[in-house]
Amino acid sequence: MNRIAAAFKNKPIFMPYFPLGYPDLETSIDVIEALAKNGADLIEVGLSFSDPLADGPVVQKATQVALEQGITVRKSLGAVKELRQRGVTIPLVLMGYYNPMLAYGLEKFIRDAVDAGADGFIIPDLPMEEAEEFQLALTSYPKGSGAAALPLIQMLAPTSPSERMESIARNAKGFIYLVSVTGVTGARASISEGLGELIARVREHTSVPVCVGFGIGTPEQAKEVGKMADGVIVGSACVKAIGGSESPIEAARSLRKVLEMH
């Protein structure tokens, strides 16, 4: 059983997002380690990019700081490797945009990600219809490295047409990232009314877990989503709580407790 599948044995799982390099590289590694060892079941490890189209102001600001601090794809992959050396055993899924991966070289990026100990990829600006090159690199290179087993996690939104939703869900690997609202990332005042129905629609076409992100910012919202979904993704609220704290490591340690999950 791979790490992602093992993580879903006790649902709903808690999936925080945090960008490497924010507020600096060393602190971000400490934060991700603290999240991993204090209740996170899977972490979305952010790879910073200068034009993060899907991200709201909180994540945009954090990734901008990371870039100003000199974060790169190479340093990010080195940080993932260091987290594994520190004893982090939960799944670490790389979340980033396509351009930096292309600039790094797809085959090299995948090889180095596997070598670092990554468990999969989320690429918000790479829709299923344009993912052939990346999928090909995953399945064909490097031979025998285990890259083929790493999933490219697909994102679904409330606006996805039924036919597209069915196609993505049917071919999904790892888990499905279900965007609960239209628009960019960031906490919202309330959970979308039709969320339960949307999750049910997706589940008709897949057996992989369905996880919900975008807009979850309070313990009440996390609990509400956890009753319906297999996983609760907390991005902007996590970055804000930790990045805005005088003690980011302590904030990371207590985040799951604050969200009252499990």
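User: How many residues of the lining of the second largest pocket are nonpolar, polar and charged?
Analyst: In this predicted model, local features need pLDDT of at least 70 and side-chain atom pairs pLDDT 80 or more, while totals for chains, interfaces and linings use all residues. Residues are numbered from 1 along each chain, and side-chain values use heavy atoms, without hydrogens or water. With Ala, Val, Leu, Ile, Met, Phe, Trp, Tyr, Cys and Pro counted as nonpolar, Asp, Glu, Lys and Arg as charged and the others, Gly among them, as polar, the lining of the second largest pocket divides into 9 nonpolar, 4 polar and 1 charged.

User: Which element supplies the largest share of the lining of the second largest pocket?
Analyst: A pocket is an open set of 1 Å grid points with protein on both sides within 12 Å along at least five of seven lines, lined by residues with an atom within 4 Å of a point. The second largest pocket holds about 190 Å³ of space and has 14 lining residues, with Gln135, Leu152, Gln154, Asn171 and Lys173 nearest its centre. At least two lining residues come from each of α7 (132-140) and β5 (152-156), helices (H or I) having at least four residues and strands (E) at least two in DSSP runs. The largest share, 3 residues, is supplied by α7.

User: What is the volume of the second largest cavity?
Analyst: The model has 2 cavities of 30 Å³ or more, a cavity being a place where a 1.4 Å probe fits but cannot get out. The second largest cavity is lined by Tyr17, Leu47, Ser48, Phe49, Pro52, Asp55, Val59, Thr63, Met95, Gly96, Tyr97 and Pro124, and by class this lining has 8 nonpolar, 3 polar and 1 charged residues. Taken as the space filled by probe spheres set on the points, the volume of the second largest cavity is about 70 Å³.

User: Which residues of α6 and α7 make the contact?
Analyst: The axes of α6 (residues 106-116) and α7, lines fitted to C-alpha atoms with angles from 0 to 180 degrees between N-to-C directions, come within 9 Å and cross at roughly 50°. Contact means heavy atoms within 4.5 Å; on the α6 side it is made by Leu106, Phe109 and Ile110, and on the α7 side by Glu133, Phe134, Ala137 and Leu138.

User: How do the residues of the contact of α8 with α9 divide by class?
Analyst: Helix α8 (residues 162-170) and helix α9 (residues 195-203) have axes that come within 9 Å and cross at roughly 60°, and these two helices are therefore oblique to each other. Ser162, Met165 and Ala169 of α8 make the contact with Leu198, Arg201 and Val202 of α9. The residues of this contact divide into 4 nonpolar, 1 polar and 1 charged.

User: How many residues of the contact of α11 with α12 are nonpolar, polar and charged?
Analyst: At roughly 140°, the axes of helix α11 (residues 236-243) and helix α12 (residues 248-259) cross and come within 8 Å, and α11 and α12 are therefore oblique to each other. Cys238, Ala241 and Ile242 of α11 meet Pro248, Ala251, Ala252 and Leu255 of α12 in this contact. The division by class is 7 nonpolar, no polar and no charged.

User: Between which elements does the loop that holds Pro23 lie?
Analyst: A cis peptide bond joins Lys11 and Pro12, with omega about 0°, and Pro12 lies in the loop between α1 (3-7) and β1 (13-19). Another cis peptide bond joins Tyr22 and Pro23, with omega about -5°. The loop that holds Pro23 lies between β1 and α2 (25-36).

Key:
Angles under 35 degrees count as roughly parallel, over 145 as roughly antiparallel, 65 to 115 as roughly perpendicular and the rest as oblique.
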